[in-house]
Amino acid sequence: MKIIISVLLVIVSLFASDATIDVVKKADSLPSIAIEDASVSYDATFKSKFFKTIAADLNVLTIFNVDKSYRNVNFDASEVLYENKDMNYVLRYKLVQDDARAFNVEMKLMRKNDVVLTKNYKVNNPDIYMFVAHTMAYDINEFMGENPVEWMKRKVIFSRMISPQVSELVVADYTLTYQHVVVKGGFNIFPKWANKEQSAFYYTSLAEKIPTLKYIDLKTGKSRIIKSSDGMMICSDVSEDGLKLLLTMAPTGQPDVFLYDVKTQATKKLTNFAGIDVGGQFLGNDKVVFVSDRLGYPNIFSLSISSGAVEQIVYYGKSNSACSVHGKYIVYKARESSESFSNNTFNLHLASTETDFVRRLTAVGVNEFPKFSADGDAIIFVKNYQSQSSVGIIRLNHNKNFLFPLQVGKIQSIDW
Amino acid sequence: MKSIVLASAVTALLVLSGCGDKEPQVEATDAAVATQAAPVQAAPSVKAPVSSVVAETEAEYMARIEKEMKSIYFDFDKFNIRADMTSNVSADASVANTKASKFLVKLEGNCDEWGSDEYNFALGLKRAEAVKKALVAEGVNASRVSMVSFGESSPVCTDKTKECWAQNRRVDFKLLP
């Protein structure tokens with residue numbers, strides 16, 4: 001018996017850091033947290049919205065058992081509410097509208113009755129309250145000593161199909177609570193952030209005579225044309241410094257991956273296969289991961305920019321048509337069925353370039369557009385299931401998925 | 001021609017980056033609108049068919065001829081032209097070289113709803129390319145033919161039925177001046 005336990009412990013320790021192995025944490029072992037609202041401004045509806053947002057954020061952190069009971073309290077009360085006396089933590093906040101109508105939040109995190117963290121937040125526009133909630137959750141997560149959840153504070157941009165050939169580009173928070181249409185009307189798809197600051201983005205316009213890649217600077221509102229190509233013109237990825245793009249173009253009707261230099265506007269063709277090569281993603285300085293049907297079905301390959309050498313990197317699945325990479329990990333979309341005349345399922349899988357393990361991350365529906373957060377902590381994706389479009393967040397190391405449904409329309413593509 | 005209206009900017013998203021920041025506004029400027037393709041100009045009217053009493057505009061003529069061109073349908077996940085579609089291609093090539101000979105032909109590749117990623121768009125494009133090759137083989141000048149893929153974003157049918165999905169796996173014809 002001791003030998004078996006020892007072997008198991010060794011196996012667990014060997015794979016503890018491998019995200020392709022399911023990590024099942026008992027929810028009961030997480031510390032509990034309750035939320036106390038001490039707001040003096042705003043109506044009940046707004047206060048309820050803020051409470052639900054911060055509760056959802058704490059839940060997505062996956063480091064607490066979150067008590068969803070809404071309770072009011074005096075901000076300066078020295079003790080937590082009687083109902084919360086057994087909680088490990090209590091988050092108490094006060095929403096205040098100041099004379100300039102700015103939105104202020106005073107926050108304190110209490111462990112039993114001791115205040116362990118205090119922070120104040122202020123934004124001019126109460127309509128973006130959800131970003132304050134996300135930032136509060138980020139700060140609490142940091143205080144708890146967990147890996148940073150930088151992605152929680154970032155914006156997502158997505159294309160929403162309204163009707164055939166009519167779409168709009170929307171900037172949102174990761175929960176889709178905040179939504180702002182930045183390009184309305186037309187047939188615009190595949191938006192992609194142009195830089196880390198998320199101050200500009202690229203997108204494909206199909207309303208022109210030929211597909212055209214455009215760029216919009218959100219600070220100035222200026223729009224300009226980057227490049228056009230017959231057939232297809234998509235910005236698949238932007239390098240970390242924003243100076244290089246991977247484009248899918250088809251100037252002769254043949255979809256291939258191209259490298260584009262933002263400064264010189266020079267274009268270099270990276271793939272030459274006579275089939276489909278699309279969806280390039282930067283991997284380090286010299287490699288590009290892309291989707292190709294060069295084996296007779298779509299699968300994931302890598303390519304050396306300098307030598308041109310191509311290598312298959314995913315060996316599981318017979319139809320893998322989208323991917324995202326982070327370090328040694330690759331998340332890809334795989335078709336689980338091949339039904340011409342009934343529903344099909346597409347799931348996301350996580351593989352490692354260093355082991356043979358493959359972990360399925362989703363179970364039902366059409367799951368696509370996976371993208372790692374910059375730190376690899378989370379994956380965002382789009383799920384279409386039973387006529388409902390949602391944004392999904394997968395917390396890899398916590399083995400948890402969260403879905404945030406889109407109320408209107410269908411998400412065509414997303415970036416964060 | 002669809003126009004793009006740039007909505008107002010993403011306001012104050014740089015949370016906590018300082019309240020003094022001036023929030024940018026994306027204005028509906030002429031510059032942005034100017035990037036759109038120019039409106040279709042009213043070209044000189046074409047000679048109306050003899051039987052017409054009222055002269056047809058070129059746009060009306062194009063729309064009428066466009067309707068005569070038959071969409072080409074494809075099998076699931078395939079981009080080869082099916083045997084039962086070759087007669088449609090021949091008929092389309094004939095129209096392209098006669099009634100539509102003065103126009104450019106734009107082929108719009110489409111897919112069913114199973115995915116909206118780049119690969120699905122590429123599949124739509126390969127369908128358009130297959131039709132282009134077939135048209136060229138039937139004598140249509142390749143330089144008159146352009147292609148675009150709409151992926152799954154331009155369905156003619158949105159029901160969850162096999163008939164509907166089959167209708168969406170297609171290449172449509174559009175005429176350009």
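## A walk from strand to cavity

Six of the seven residues of strand E18 of chain A are buried, so E18(A) is largely enclosed by the rest of the structure. This is a predicted model.

From E18(A), step to strand E19 (residues 287–292) of chain A. The two strands run antiparallel, and five bridges join them. One pair to look for is A:Gln281 with its bridge partner in E19(A), A:Val289. Together E18(A) and E19(A) form a hairpin, with three residues between them. In the turn sits A:Gly284, which has a positive phi of about 70°.

The next strand along is E20 (residues 299–304) of chain A. Six bridges join E19(A) to E20(A), again in the antiparallel sense. Here A:Ser292 stands opposite A:Asn299. Six residues lie between the strands of this hairpin, and A:Gly296 takes a positive phi near 100°.

E20(A) itself is mostly covered, with six of its six residues buried. In a regular strand the side chains alternate between the two faces of the sheet. In E20(A), A:Asn299, A:Phe301 and A:Leu303 point one way. A:Ile300, A:Ser302 and A:Ser304 point the other way, and all of these residues are buried.

E20(A) pairs with strand E21 (residues 310–312) of chain A over three bridges, in the antiparallel sense. A:Ser302 has A:Glu311 as its bridge partner. This hairpin has five residues between the strands, and A:Gly308 takes a positive phi near 80°.

Now turn to the open space. The largest pocket holds about 1000 Å³. Of its 33 lining residues, the closest to the centre are A:Asp237, A:Val238, A:Ser239, A:Glu240 and A:Ala374. E18(A) returns here: it is one of the elements that give two or more residues to this lining, along with strands E10, E14, E22 and E26 of chain A. By class, the pocket lining has 12 nonpolar, 10 polar and 11 charged residues.

Of the 20 residues that line it, the closest to its centre are A:Lys192, A:Gln281, A:Cys323, A:Phe369 and B:Glu118. A:Gln281 is the residue whose bridge partner in E19(A) is A:Val289. E22(A) gives the most to this lining, with four residues. The lining divides into 10 nonpolar, six polar and four charged residues.

The second largest cavity has a volume of about 170 Å³. Of its 17 lining residues, A:Arg335, B:Asp77, B:Trp114, B:Asn120 and B:Leu123 are the closest to its centre. Strand E23 (329–335) of chain A and helix H4 (118–137) of chain B each supply at least two residues. H4(B) has the largest share, four residues. By class, this lining has seven nonpolar, three polar and seven charged residues.

Last, look at the packed interior. In soluble globular proteins, nonpolar side chains tend to be buried together. The largest nonpolar core here has 109 residues. Among them, A:Phe50, A:Leu58, A:Leu91, A:Tyr93, A:Met136 and B:Leu107 touch the most other members. Helix H3 (residues 129–143) of chain A gives the most to this core, with nine residues. A second, separate core of 14 residues includes A:Leu213, A:Ile226, A:Leu247 and A:Tyr260.

Definitions and conventions: Residues are numbered from 1 along each chain as its sequence is written. Chains are lettered from A and ligands numbered from 1 in the order in which they are written. Side-chain values use heavy atoms; hydrogens and water are left out. A nonpolar core is a set of buried Ala, Val, Leu, Ile, Met, Phe, Trp, Tyr and Cys residues joined through side-chain atoms within 4.5 Å. Buried means under 20% relative accessible area, exposed over 50%, partly exposed in between (1.4 Å probe, protein chains only). On a 1 Å grid over the protein atoms alone, a cavity is a set of points where a 1.4 Å probe fits but cannot get out, and a pocket is an open set with protein on both sides within 12 Å along at least five of seven lines; lining residues have an atom within 4 Å of a point. Grid points are joined across faces, edges and corners, and a volume is the space filled by probe spheres set on the points. Ala, Val, Leu, Ile, Met, Phe, Trp, Tyr, Cys and Pro count as nonpolar, Asp, Glu, Lys and Arg as charged, and the others, Gly among them, as polar. Two strands pair if DSSP finds at least two bridges between them.
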